[in-house]
Amino acid sequence: MRRGEASRGDVAVGHAVPRRLPWTILLDAFLVSSLAAQSALPAFPGSTRAAGLGGAGAALVGDAGAVFANPAAIATVHRLALDGSYEQYLGGTTFGAGALALRLGRFDWGVGAQALADASFSRADLLGVSSFVLRAGVIALGASAKYARQQLGGVTADAWAGDAGLALAVFDIMALGVSVQNIGGDLGGGMHLPRRTRAGFTMNYVDPQGTYRLLTTVEGQWPDTGSAFIVVGLEAGVVTHGVGLVGRTGYVGHSVATTASPFTFGGTVELGRLHLDYAYRGFDAPAGDTHRLGLRWTP
């Protein structure tokens, strides 16, 4: 059968208390199956900032973590950008991600890696990506090569795939981004990495180099299974002399059944070129909530 889309709400886990032990056993077993056949990893937001905005990333330009959503979105990196995330996910699993983007004249190069491991770190899904971008005025075209590996016990499935993206960024005012993810991606046995098309628009209503911050992003996503859905995000805050606080929230539509809340929340402590990020999303009981911590550096 064809590999389907895995959303972040496709798995759940019980709390470690005796009265919920049957839930824990049942849902952990489901999690193991998901790691093998329908990994959630390709659907994870690429950065903590994106996670706080509901996972929107196609038009979230200038962050290294954009390589996971739209390769062309790293085109507005000034010199160098670094991005890292860590999250204790559902079922005792751990998610981690790191990305780097570098400007090279008229070109940009980005690289990133993600991992979703079980509690013992004996089983993990891995994703690596390398992106190359060509800029021509306000328009950028990008392409990514990616490698994905899934594990279940001693069985390993892997695949090579590609992403293609376009970004149009008008100074720091607005950005339009479109990407097609997981072109190819044959894992064998009739399974494929889930294809996804994304189109987003981001707007800054005030100068992001000034004291105030006010940004919205709207993104449509078309997965290869399930119906299309929309993601909407809002970011606002106050930053003075490079120091301040920015809050964000997002709304996520769903194309498949999910226990995840449609709302996400997050924020950033701004310390000059260092950005300390946080994102939160709730899940129906007994799964609990998820908290992601991140760090961005733009020297």
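Author: The protein chain exposes about 12,800 Å² (Shrake-Rupley method, 1.4 Å probe), and carbon and sulfur atoms supply 68% of that area. This is a predicted model, in which local features need pLDDT of at least 70, side-chain atom pairs count only at pLDDT 80 or more, and totals for chains, interfaces and linings use all residues. Residues are numbered from 1 along each chain as its sequence is written, and side-chain values use heavy atoms, without hydrogens and water.

Reader: What percentage of the residues in the protein chain is buried?

Author: A residue is buried when its relative accessible area is under 20% (1.4 Å probe, protein chains only). Of the 299 residues here, 51% are buried.

Reader: How many helices and strands does the protein chain have?

Author: Both are DSSP runs, numbered from the N terminus: helices are H or I with at least four residues, strands are E with at least two. The protein chain has two helices and 16 strands.

Reader: Which strands does β14 join by bridges?

Author: Two strands pair if DSSP finds at least two bridges between them. Strand β14 (residues 260-271) runs antiparallel to β13 (residues 243-252), with nine bridges. Nine bridges also join β14 to β15 (residues 274-283), again antiparallel. Gly-267 of β14 is the bridge partner of Gly-247, and in β15 its partner is Tyr-278.

Reader: Where does a positive phi occur in the hairpin of β14 and β15?

Author: Two residues lie between these strands, and Gly-272 takes a positive phi near 70°.

How values were computed. Buried means under 20% relative accessible area, exposed over 50%, partly exposed in between (1.4 Å probe, protein chains only).
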